[in-house]
Amino acid sequence: MNDESTPSRPRRRGGISRRASRRRAVELLYEATQRETDPVTLLADRVGSVHADPISDYTITLVEGAGEHRERIDEILEEHAQGWSLKRMPPVDLAVLRIGLYELLWREDVPDPVAIDEAVGIAKELSTDDSPRFVNGVLGRIGTIADRLRAVL
C-alpha cells in the first residue's frame with residue numbers, strides 16, 4: 001500500500017499521519033450522517049472542544065473540502081457507482097468514497113493512485129469484507145476519467 005505516512009515522508013501536526021487524518025475525516029463524516037447533522041458543524045464542535053482528541057489540519061481540510069463539494073461529489077458517485085444509489089450504500093463506504101473522491105479530484109498534492117489506494121485501505125480497516133473491492137471499483141472507474149472531470153469542475 002502506498003501510505004504517505006512512511007518514515008521518509010513528513011508527518012502532519014503532532015505526528016498525525018495523513019492516513020490517520022483520512023481515517024478521522026471518514027469517522028467524522030460517518031458520525032455526522034448517523035447524527036443527521038452537517039459534518040463541518042460537527043467538526044467545528046470537535047475542534048473547539050477541550051474533551052475531543054486533537055484533529056489534524058489535514059482532517060479539517062478533508063472534511064471541509066468534502067463538505068464544500070458534497071453536491072458534486074454525490075452526483076459523480078451516483079453516476080459511477082453502477083447499480084448503487086447513495087441511500088443503498090453502507091454509510092461507512094459512502095464516507096470513504098466522499099473523502100477519496102475529494103482527494104482524487106480536488107487535491108493536487110495527492111496523486112490519483114494514492115487517493116484510491118488510501119480509500120481502499122481505510123475501507124479495509126473500517127468496513128465489510130466486500131467494501132475494499134467496491135471502493136476500488138467506484139474510484140477506479142472515476143480515476144480513468146479524473147482529468148476530464150477536473151477540467152470541468
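Q: Why is leucine 149 called buried?
A: Its relative accessible area is 10%. Buried means under 20%, exposed over 50%, and partly exposed in between, with a 1.4 Å probe and protein chains only. The value of 10% lies under the cut-off, so leucine 149 counts as buried. This is a predicted model, in which local features need pLDDT of at least 70, side-chain atom pairs count only at pLDDT 80 or more, and totals for chains, interfaces and linings use all residues. Residues are numbered from 1 along each chain as its sequence is written, and side-chain values use heavy atoms, leaving out hydrogens and water.

Q: Which residues does leucine 149 touch, not counting residues up to four places away in sequence?
A: They are Arg72, Ile76, Leu105 and Ile142. Contact means heavy atoms within 4.5 Å. Leucine 149 itself sits in helix H8. A helix here is a DSSP run of H or I with at least four residues; strands are runs of E with at least two, and both are numbered from the N terminus. Leucine 149 and leucine 105 are 44 residues apart along the chain, yet their C-alpha atoms are separated by 7.5 Å.

Q: What makes leucine 153 count as partly exposed?
A: Its relative accessibility is 41%. Leucine 153 is in the segment after H8. Its contacts, not counting residues up to four places away in sequence, are Arg72, Leu105 and Trp106.

Q: How do you know that the buried residues of H4 line one face of the helix?
A: The buried residues of H4 (residues 70–80) are Ile73, Asp74, Ile76, Leu77 and His80. Seen down the axis, they fall within an arc of 165°, so they line one face. The arc is taken from the directions that run from the helix axis to the C-beta atoms. On the face turned away from the buried side are the exposed residues Glu71 and Glu79.

Q: Which helices do the buried residues of H4 pack against?
A: They pack against H3 (57–68), H5 (91–106), H7 (131–143) and H8 (146–152).

Q: Why are H4 and H5 called roughly perpendicular?
A: Their axes come within 10 Å and cross at roughly 105°. Axes are lines fitted to C-alpha atoms, for helices over the stretch in contact, and angles run from 0 to 180 degrees between N-to-C directions. Angles under 35 degrees count as roughly parallel, over 145 as roughly antiparallel, 65 to 115 as roughly perpendicular and the rest as oblique. The pair is therefore roughly perpendicular. Among the residues that meet are Arg72 and Ile76 in H4, and Leu105 and Trp106 in H5.

Q: What makes H4 roughly perpendicular to H7?
A: The axes of H4 and H7 come within 10 Å and cross at roughly 105°. That makes the two roughly perpendicular. Ile76, Leu77 and His80 in H4 meet Val138, Arg141 and Ile142 in H7.

Q: How do you know that H5 is roughly antiparallel to H6?
A: The axes of H5 and H6 (residues 112–126) come within 9 Å and cross at roughly 165°. This angle is over 145, so H5 is roughly antiparallel to H6. Val92, Val96 and Gly100 are among the H5 residues in this contact, and Ala115, Ile116 and Ala119 among those of H6.
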